[in-house]
Amino acid sequence: MTANKDSNATPSASNAGSDANGGGSNADAEWADFMASHSDDLNDVARSRSARKFDKAAKKAEKHAQFNVNDLKNEAFVGADHTPGPRDHTGRSWLDVDDVMDEGSPFTPPNPEIGSVRKTTMLFVTLLVLGVLCLALAVFIPSLSGLLGATGGVMTLLGAGGMFARHRGHSETRTDIFDDGARV
């Protein structure tokens, strides 16, 4: 091993025979001479752990460089007889439901109108509300509790009784046999 590092050895003839361009006719012979003289060192380096890691990394890089997805054409993934699948959907999804509902839908939102209120119904509702207020005041004002209690009781009874008498039952509001009485 120390023979290669001997500084007293005479320089080899291979260094003297190369021309200035480095492309001498003996280049292959010189390389073979170099490999033969350093074969032990080169074998140690080739068997080292770093060399194995380097070879592994080089093979991996070479493999990645040989095959790239961008090199393939679309026909490699989708044939000519391709039937569309669920991810090929180009229509609208349920996420677009607001836009779809707004486009030409025959739906019109309800706009209930109370219409004209009858005077008798308004009178009975007013009597009921005033009667309940008079009863509440009778509790809070003890000096007028007799007057407010009697007046509130009469007004509450008249208002509730009048509304009950004017109420049309469920059977009177039906338009046909399948009407369940639900109104908007």
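Reader: Is Thr156 buried or exposed?

Author: Take the cut-off first: buried means under 20% relative accessible area. This is a predicted model. Thr156 has 18% relative accessibility, so Thr156 counts as buried.

Reader: Where does Thr156 lie?

Author: In helix α7, which covers residues 145–166.

Reader: Which residues is Thr156 in contact with, leaving aside neighbours within four places in sequence?

Author: Contact means heavy atoms within 4.5 Å. On that basis Thr156 touches Leu127, Leu128, Gly131, Val132 and Leu135.

Reader: Now Ala136. Which helix holds Ala136?

Author: Helix α6, residues 119–140.

Reader: Let us turn to the whole chain. What is the secondary structure of the protein chain?

Author: Count the elements, then read their order. The chain has eight helices and zero strands. Along the sequence the pattern is α-α-α-α-α-α-α-α.

Reader: How many of the 184 residues count as buried, as a percentage?

Author: The share is 8%. The accessible surface comes to about 16500 Å². Carbon and sulfur atoms account for 60% of that surface.

Reader: What about contacts by sequence separation?

Author: Take contacts between residues at least 6 apart in sequence. Of these, 53% join residues at least 24 apart.

Key
Residues numbered from 1 in each chain as written. Predicted model: local features only at pLDDT ≥ 70, side-chain atom pairs only at ≥ 80, totals over all residues. Heavy atoms only, no water. Helix = DSSP H or I, 4+ residues; strand = E, 2+ residues; numbered from the N terminus. Buried < 20%, exposed > 50% of the residue type's maximum accessible area, 1.4 Å probe, protein only. Areas by Shrake-Rupley, 256 points an atom, 1.4 Å probe, with all protein chains shown as cover.
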